[in-house]
Amino acid sequence: MDERPNNAPSHCPGTQSEKAGKVSACAGCPNQSLCASGAAGGRDDAEMVRARLSSVKNKIFVLSGKGGVGKSTFTSLLARALARRDPDKNVAILDIDICGPSIPRIMGTLNEQVHQSGSGWCPVYVEDNLCMMSIGYLLTSPEDAVIWRGPKKNNMIKQLLTDVDWGDTLDYLILDTPPGTSDEHLSSTSYLSGIGSKAILVTTPPEIALLDVRKEANFCKRVDLQLAGIVENMALFICPKCTTESAIFPASTGGGAKMADELGVPFLGSIPLDPLLARACDEGKDPYLEMPNSSAIKAVQRIVDQIVGDFER
């Protein structure tokens, strides 16, 4: 009987081995501390998460190896667009950026608190069909620093995945992630492997961003997470007065479109840099109400059309 954790590398010693959690092959595995302690809960935890989220129709990771490319902004725009597109569809955001949760501010719910019920944590709602959960709602102050090592992050992500009551039907669960390919990414992808999750990579045009995003694409390949496509954010700056377009971040090596072609994944589109959009997100306002005719909003809507077409085929 194979006692290796789900999605473990071929050189995993297995949970029954005396070397479990103690050899170099175990470094970075979200189940390392459990294996090293002799607990067999790693597999049980993953199965519990999958059972809890098996009824969620579409799981979407928003990823990027680079910080500052607008993952959280895009996550919020994607969630709002999906919820507005069809009021009968239920949409949720799960913010798994443990050390830098941005979703509460972007969604205008910074001072909300999460309540416990008999069926778990009740998420915070901004619309009847749009809710969210973030560690930011569990902190005593938005300025509190979360200074945790990997095992504690892993336990919190497991709790966020298993203890939130999303309701009876959830059509889209969008996971907002931190930069990189570290604890949060390893834990969440391990827990959600095998139940139809996909990833959207967010980049900006310069090569310095593309370099890190390529690493993220390689991470997705290694953990068997399917790429739904690439979004290029901040592609052009559009002056809010004269609507003149300027390439603030030039695509010196071809940008996101060329990278998508190299990786063999769909290029979902580009979103221009709009200061009004940045202000709306910073103030927690709904950009679809504040600036419905913005080129950035129209670009997001075209991207959402492609995403929905891919997921609902």
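Predicted model: local features only at pLDDT ≥ 70, side-chain atom pairs only at ≥ 80, totals over all residues.
## Helix 5 and helix 6

The crossing of helix 5 past helix 6 is right-handed (the near helix is turned clockwise from the far one by less than a right angle). By class, this contact has four nonpolar, four polar and four charged residues; Ala, Val, Leu, Ile, Met, Phe, Trp, Tyr, Cys and Pro count as nonpolar, Asp, Glu, Lys and Arg as charged, and the others, Gly among them, as polar. From helix 5, G150, K153, N154, I157, K158 and L161 meet D183, E184, S187, S188, Y191 and L192 of helix 6 (contact: heavy atoms within 4.5 Å).

## Overall fold

The protein has 11 helices and 11 strands, taken as DSSP runs numbered from the N terminus (helices H or I, at least four residues; strands E, at least two). Of its 313 residues, 50% count as buried (under 20% relative accessible area; exposed is over 50%, partly exposed in between; 1.4 Å probe, protein chains only). Among contacts with a separation of 6 or more, 76% join residues 24 or more positions apart.

## Cysteines

The structure holds zero disulfides (pairs of cysteine sulfur atoms within 2.5 Å). C99 is partly exposed at 42% relative accessibility, and C122 is partly exposed at 31%.

## Basis

Residues are numbered from 1 along each chain as its sequence is written, and side-chain values use heavy atoms, with hydrogens and water left out. Local features need pLDDT of at least 70 and side-chain atom pairs count only at pLDDT 80 or more, whereas totals for chains, interfaces and linings use all residues.
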